[in-house]
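Hi everyone, thanks for making the time. Let me put the model on the screen, and then we can walk through the ligand site together.

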Amino acid sequence: MEVIIRPDAESATHLAARVIAREIRLKPKLVLGLATGRTMERLYRHLVETHRKDDLDFSLLTTFNLDEYIGLPPDHPQSYRHYMNHHLFDHVNIDIRNTNLPDGMADDIDAECVHYEQLIRDCGGIDLQVLGIGRSGHIGFNEPLSAMFSRTRAKALTPTTIEQNAPLFADPREMPKRAITMGVGTILDSKHCLMLVTGAEKASVIAKAVEGPVTSMISATALQLHPDCRVIVDEAAASQLENKEYYRWIFENEPEWQEFQ
Ligand code: F6R
């Protein structure tokens with residue numbers, strides 16, 4: 001795992017967008033794993049801007065989102081399909097047929113989960129998975145006690161996650177209590193992982209995720225087992241990391257990061 005600390009949310013997000021843009025340019029047929037949430041809104045703004053100003057080409061990309069609420073139709077303003085169209089897909093030259101999210105309205109949710117895993121396999125696996133972290137320590141909607149080898153499945157959301165996301169709904173009681181999510185094992189199968197974490201309210205959980213023991217109580221700790229995972233944080237989110245100076249030293253001295261300094 002590599003931890004990169006940037007001064008503020010804007011520069012952390014800018015760096016994450018540059019890393020993603022570089023991967024897309026290196027491999028135009030990239031299979032990109034995507035996340036939703038408040039942190040990602042800023043990231044998608046940067047990617048849209050890179051598309052507009054620097055011609056970043058999304059036309060050959062395939063995307064797989066981590067999760068979707070069960071019971072929300074795609075046109076519901078809080079569905080993750082709606083979120084992705086609104087924040088990214090409607091503003092770049094992606095072929096919408098190559099954008100995938102689990103179908104939270106499927107009659108047979110278990111079959112939909114198996115189908116989603118198969119789709120990912122059929123595309124040759126995810127090259128780069130973008131991740132945020134929830135206050136419960138989740139990645140995707142892998143809530144505490146998610147098995148390290150879990151695959152795409154339905155998950156009940158924790159009270160912490162419901163409290164985190166319910167204010168985004170016009171009527172907070174409308175927030176579904178279950179979602180389909182890629183499993184921790186599905187995420188660990190991605191070739192590269194890139195986690196973006198900003199804001200002081202994430203400081204405690206990201207310190208546990210990066211420096212704490214690996215535990216299924218905090219699904220993000222599983223990323224310590226991934227061979228190629230980068231975590232980009234701002235100073236506020238980094239405030240409880242014990243080894244900040246070491247992470248800064250690596251970032252400043254690692255040749256691969258020179259082009260991003
Ligand atoms: C959603 C997802 C979640 C979010 C996490 C952080 O697709 O993958 O794990 O990344 O809940 O959300 P924000 O950025 O709203 O704090």
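The shell around the ligand is made up of four nonpolar, eight polar and three charged residues. Here Ala, Val, Leu, Ile, Met, Phe, Trp, Tyr, Cys and Pro count as nonpolar, Asp, Glu, Lys and Arg as charged, and the others, Gly among them, as polar. A quick word on the source: this is a predicted model, where local features need pLDDT of at least 70, side-chain atom pairs count only at pLDDT 80 or more, and totals for chains, interfaces and linings use all residues. Residues are numbered from 1 along each chain as its sequence is written, and side-chain values use heavy atoms, with hydrogens and water left out.

So, who is in that shell? Of the 15 residues surrounding the ligand, the closest are Thr36, Thr39, Asp67, His138 and Lys202, where surrounding means having a heavy atom within 4 Å.

Now some distances to ligand oxygen atoms. For Asp67, a side-chain N or O atom is 2.6 Å from one. His138 places a polar side-chain atom 2.7 Å from a ligand oxygen, and for Thr36 that distance is 2.8 Å. The protein covers 97% of the 410 Å² of accessible area that the ligand has on its own (Shrake-Rupley, 1.4 Å probe).

Zooming out, the C-alpha trace of the protein chain spans about 50 × 40 × 35 Å along its principal axes.

Definitions and conventions:
Polar contact = N/O pair within 3.5 Å; in protein donor to acceptor, adjacent residues only side chain to side chain.
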